[in-house]
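Follow along if you like.

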Amino acid sequence: MIKDILSNSVSKQEKQLAVLIDPDKTQPADLFGLIKNANACNVDYFFVGGSHVQHDRIDDVIIELKSHSELPVVIFPGSNKQISKHADAILLLSLISGRNPEYLIGQHVNAAFDLRESGLEILPTSYLLVDGGKVTSVAYVSNTIPIQRDKKDLVVGTALAGKMLGQRVTYIDTGSGALDSVPLDIISSVKVEVGLPLIIGGGIRTPEQAWQICNAGADVVVVGNAFEEDPELLFDIKSAVKSSTHANYSNLK
Ligand code: 1GP
């Protein structure tokens with residue numbers, strides 16, 4: 001079960017890396033290179049999903065991943081259409097930083113019977129958007145306003161409320177292609193105050209950034225765009241994530 005892999009890593013303080021694949025943006029030729037590198041450096045998960053993905057594309061991509069890799073595949077859905085029985089699990093996201101009922105409960109109701117049929121492992125997840133310096137697709141499509149970067153207490157309070165409502169994972173995102181990643185003080189406060197497995201994504205492009213984010217308290221770092229542009233970056237980011245308990249990033253060089 002993915003929840004056991006995740007909680008084992010959290011308890012051992014072993015940080016993890018997820019490679020995000022957006023089926024609408026990743027061409028089949030690029031996918032092959034990504035899978036090859038992900039296998040070679042043994043990343044922890046493939047996350048698959050996006051704000052505009054067509055249902056049949058998500059199936060195709062997950063089948064392709066499963067036929068060339070044994071790494072776990074977790075759906076990171078942009079809508080109730082993004083369900084595939086070929087994946088290992090799904091992050092059942094409730095977009096609790098927003099006030100759009102569609103993304104708090106509406107899509108979930110539409111997906112409920114299909115999810116039950118799929119047999120997928122379900123990971124109930126608080127999903128919070130924090131401003132990353134530009135309007136990203138997820139903010140536009142979900143019609144929600146990300147929380148401002150200087151509103152740390154609001155982020156912590158929202159994540160805490162998610163935990164009290166029974167969510168098992170916290171995912172804080174600035175959105176794919178964001179200019180800035182989630183501020184480090186937000187990451188460390190949410191980790192201390194909420195204590196659930198913490199996933200951080202959006203705008204992560206360098207090993208240094210990934211290292212700092214893990215060191216601040218993230219348990220899983222998600223990278224999408226940067227690997228689409230340069231699949232070789234996977235090796236450096238994976239080793240930064242793995243080594244993130246070192247006191248100083250420069251010690252690694
Ligand atoms: C977005 O967290 C992901 O939802 C990843 O973002 O594509 O900017 O790496 P990037």
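**Pocket notes**

I started with the second largest pocket, where helix α10 (residues 233–242) gives the largest share of the lining, 3 residues. For me a pocket is an open set of points on a 1 Å grid over the protein atoms alone, where a 1.4 Å probe fits and protein lies on both sides within 12 Å along at least five of seven lines; lining residues have an atom within 4 Å of a point. Helices are DSSP runs (H or I, at least four residues), numbered from the N terminus.

I noted that this is a predicted model, where local features need pLDDT of at least 70, side-chain atom pairs count only at pLDDT 80 or more, and totals for chains, interfaces and linings use all residues. Residues are numbered from 1 along each chain as its sequence is written, and side-chain values use heavy atoms, with hydrogens and water left out.

Back to the second largest pocket: 13 residues line it, and Glu14, Lys15, Asp44, Lys238 and Lys242 lie nearest its centre.

Next I checked the largest pocket, which holds 45 lining residues, with Gly50, Ser51, Phe76, Tyr127 and Val138 nearest its centre. Its largest share of lining, 5 residues, comes from α4.

Then I looked up polar contacts (pairs of N or O atoms within 3.5 Å). A polar side-chain atom of Ser176 sits 2.6 Å from an oxygen atom of the ligand. For Gly203 I found a polar backbone atom 2.9 Å from a ligand oxygen. An N or O atom in the side chain of Tyr171 is 3.1 Å from an oxygen atom of the ligand.

How values were computed. A polar contact is a pair of N or O atoms within 3.5 Å; within protein, one must be able to donate a hydrogen and the other to accept it, and residues adjacent in sequence count only if both atoms are side-chain atoms. Helices (H or I, at least four residues) and strands (E, at least two) are DSSP runs, numbered from the N terminus.
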